Amino acid sequence: MSRPPRLILSGIFSTVNAWRHPALDARGIFTAAFYQRLAQTAERGRLDMVFFGDALSLPGQAADGTLDEHAITRGLEPATAIAALAGAVEHLGFAGTFNTSYWTPEAIARKTATLHLLSGGRMAWNVVTATIGKDDANLRPLASLNQQERYARAEEAIAVVRRLWSGEPSAAGRWFPAAPPLGLPALPGDDQPLIVQAGRSPEFQQQAARTAEAVFTTLGTLEEARAFYASVKGAMPGAGRDPGTCKILPGLRVVLGRTAAEAEEKALWLESLVLPEISIRALSASLGQDLSAFDPDGPLPPAPAGQGGSADERAWRAQLRQLAADRGYSILQLSRAAGQTRGHSGYTGTPEGLADMLAAWRDARACDGFNIMFPSLPEGLDDFVDLAMPVLQERGLAQADYRAGTLRDKLFGREPD
Amino acid sequence: MTAGHFVVGAVLAAPTPAELAQAGGPPAARLAAWYLDSVQRLEEQGVDFVVIADGSVSGQGAPAGDGVRPDAFALLAFVAAQTRRIGLVAAFDAHLAEPFHVARALASLDHASGGRAGWQLRDEAEPTGRAREFAAVLGKLWQSWAPGALLADRASGRFLDAAGVQPIDHAGDWFRVRGPLSIARPPQGAPVRLTGQPHAGAIAIDKVPLDARGYNSHAFDWCAPWAIDAGSILRLAEIAPRDGPVDPDAVERLRAGYDAGALGGVLLGCATPPAARLRFCRDALPLLRSQPAHPAFSFPFTPTPTACPAPRA
């Protein structure tokens, strides 16, 4: 039997948790130096890539426009941050979010191709399609659609972007008008940025099987992850694809200590950095229900009738309610648990314990790697690189050095030209 | 106003695929190498700011119009990380862009470059009013964070002062933007505008009659009060020197215009060959700048509302 594959590891740079951490000057999120230092650490640790999520309004802004003073904002927008990193590190890949509801395929193709060319082929496009009400207030969405139409439109957007990347013009389709060639050096299929997609619902799994080359997803348990993995990979042959050509990377929040007790203590301390009213406000937004009038130490009230939302939003709400019921969490406890992981799986403990967990997920065919959420930056990343990576590398779970070539070459083991 | 020395800006025309191929190195690295080398050279030559047109702009500003067409904002952010002084100006068309995206990208560039971002609307004179409204929305978004509104105060847990981060609630003929901007106030307050029209806080570019060698053919009899008393406009003459020896008479006219306060400097247009740019900086700049080693360049403009008379042709 062949050696089990190593895991692909991505790190999330766009969400700075626990910004009151004494090791962080939170104003740094607006400087290039902040991201450059993170990227150099990630490259020292041989992470495969880093991820910049995005949205087009302030995270602390409510739908009605009111602003939460305590919420940290996003820092540099993804393209600027990635451009600032392209020359600062040599091997690290970059995944950036560009939403097809607010950017035309031409603009996305030009931006991502430019970043790909500037970085010597290390770019991935995280395709996001959903409209967000408060973003709509800043940018008129290009389309307002139901989920099925949204997926169909996203698929066409991906096809248009790939065509433009390849140096060809794009013909008019159902959703997008014809577009002339980008006028950039042509990127044929194997030289293109990676297509990354994020989601969870059954409809998403079908789309990922058709178009995604990497998937970021929220999976709370090993069982959920196995089912998701089997579903996406199982649907790929039907879409004419080899299941090896899509890498599934669930989010994983990691809090590390030299001992389990030290890690637990650190996790509790990190939780205490978030003010209670802040985490409860975030939970209210997730559940679509104002919890501010309820006792924070009391139980979660029943859901209001007739809640709508996308399939992913409904699934996340159900997951939160299940968590509260299973663990007997109060509102505050649930808000902290939700704020920590946002539905992703979490690990708190020693590097050896983390290696055991990652090996178990890999061996159970639950994932091809992880998108790591750091409980704080830069400290959480420093811990991951300094404490966990040597152990993961020793056990063959993570790469000890980079392969040559583009991000695509590195992730899919293609021999560079 | 003046920037304390004779200002030189340069429009960097995009390389053609053939020029890119000559950059050497592996094909995947050539775009990065070409732009980095080009802008670093401009910086070494004492050029104060570089203008790069976004690839979405048709014609690209290149004389042949067949240059490669990268995203200017990403390109400038890449270059910012590996330069120290040079101003970084993105030129784009309002009819192809959205103000929220552009305001955020330019604010990000301004942060990432330590206050070196600038912008130019290439279609600012278009008749529909979209460009004018676009520029107004950019200004409102950059001002949506008051100075000092970014707190990042660990003790109170307040990241920002909500009283200083306000929606703009813009609703016009072309755009509806609630705001505020989703990134903190740019270091310059607002990235510097490059314009062919008189706007407070801007660098104004005048196309002047050129002689056969691409230099200003006439003395500067512009109304000096516009350049000086308006207090916040830096007026540059656009020239396009050909390759060959520097024209001493034209340089003297520039010097006289600068000394009289009518002129802040020049913009070397996109038709200027790289060798001519180099020659201008090497041979003409020492005559134009009493301080050859200029201090770290910053766009030293405070946007203040000022009534400006129209420039004379």
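Two strands count as paired here if DSSP finds at least two bridges between them. Strands (E, at least two residues) and helices (H or I, at least four) are DSSP runs, numbered from the N terminus. This is a predicted model, where local features need pLDDT of at least 70, side-chain atom pairs count only at pLDDT 80 or more, and totals for chains, interfaces and linings use all residues. Residues are numbered from 1 along each chain as its sequence is written, chains are lettered from A and ligands numbered from 1 in the order in which they are written, and side-chain values use heavy atoms, with hydrogens and water left out.

**View 1. Strand β1(A) and its partners β9(A) and β2(A).** β1(A) pairs with β9(A) in the parallel sense, over four bridges. Look for Gly11(A), whose bridge partner in β9(A) is Ile372(A). Strand β2 of chain A (residues 49-52) also runs parallel to β1(A), joined by three bridges, with Ser10(A) standing opposite Met49(A). Together, β1(A), α1(A) and β2(A) form a right-handed β-α-β unit; right-handed means that, with the strands pointing away from the viewer, the path from the first strand over the helix to the second runs clockwise.

**View 2. The two faces of β1(A).** In a regular strand the side chains alternate between the two faces of the sheet. Here Ile8(A), Ser10(A) and Ile12(A) point one way, while Leu9(A) and Gly11(A) point the other.

**View 3. Helix α13(A), with a bend.** The 16 residues of α13(A) (379-394) should span 22 Å at 1.5 Å a residue, and the end C-alpha atoms are 22 Å apart, which agrees; the expected span is 1.5 Å times one less than the number of residues. The helix still bends by about 45° at Ala388(A), and Pro390(A) follows within four residues. That bend is the angle between axes fitted to the seven residues ending there and the seven starting there. Buried residues of α13(A) include Phe384(A), Leu387(A) and Met389(A), and among the elements covering the buried residues are β1, α1 and β9 of chain A.

**View 4. Either side of α13(A).** In the loop between β9 and α13 of chain A sits Pro378(A), joined to Leu377(A) by a cis peptide bond with omega about 0°. After the helix comes Gly396(A), with a positive phi near 75°.

View 5. Most residues other than glycine have a negative phi, and most peptide bonds are trans. Arg365(A) has a positive phi near 55°; this residue lies in the loop between α12 and β9 of chain A and is exposed, at 55% relative accessible area. Ala152(B) also has a positive phi, about 45°, but sits in strand β5 of chain B and is buried at 16%. Chain B has a cis bond between Gly179(B) and Pro180(B), with Pro180(B) in the loop between β8 and β9.

**View 6. Arg104(B) and its neighbours in both chains.** Arg104(B), in helix α4 of chain B, is buried, with a relative accessible area of 4%. Its side chain makes a polar contact with that of Ser182(B) at 3.4 Å; this is a pair of N or O atoms within 3.5 Å, where within protein one must be able to donate a hydrogen and the other to accept it, and residues adjacent in sequence count only if both atoms are side-chain atoms. Not counting residues up to four places away in sequence, Arg104(B) touches residues including Asp54(A), Arg74(A), Glu77(A) and Ile183(B), contact being heavy atoms within 4.5 Å.

Key:
Buried means under 20% relative accessible area, exposed over 50%, partly exposed in between (1.4 Å probe, protein chains only).
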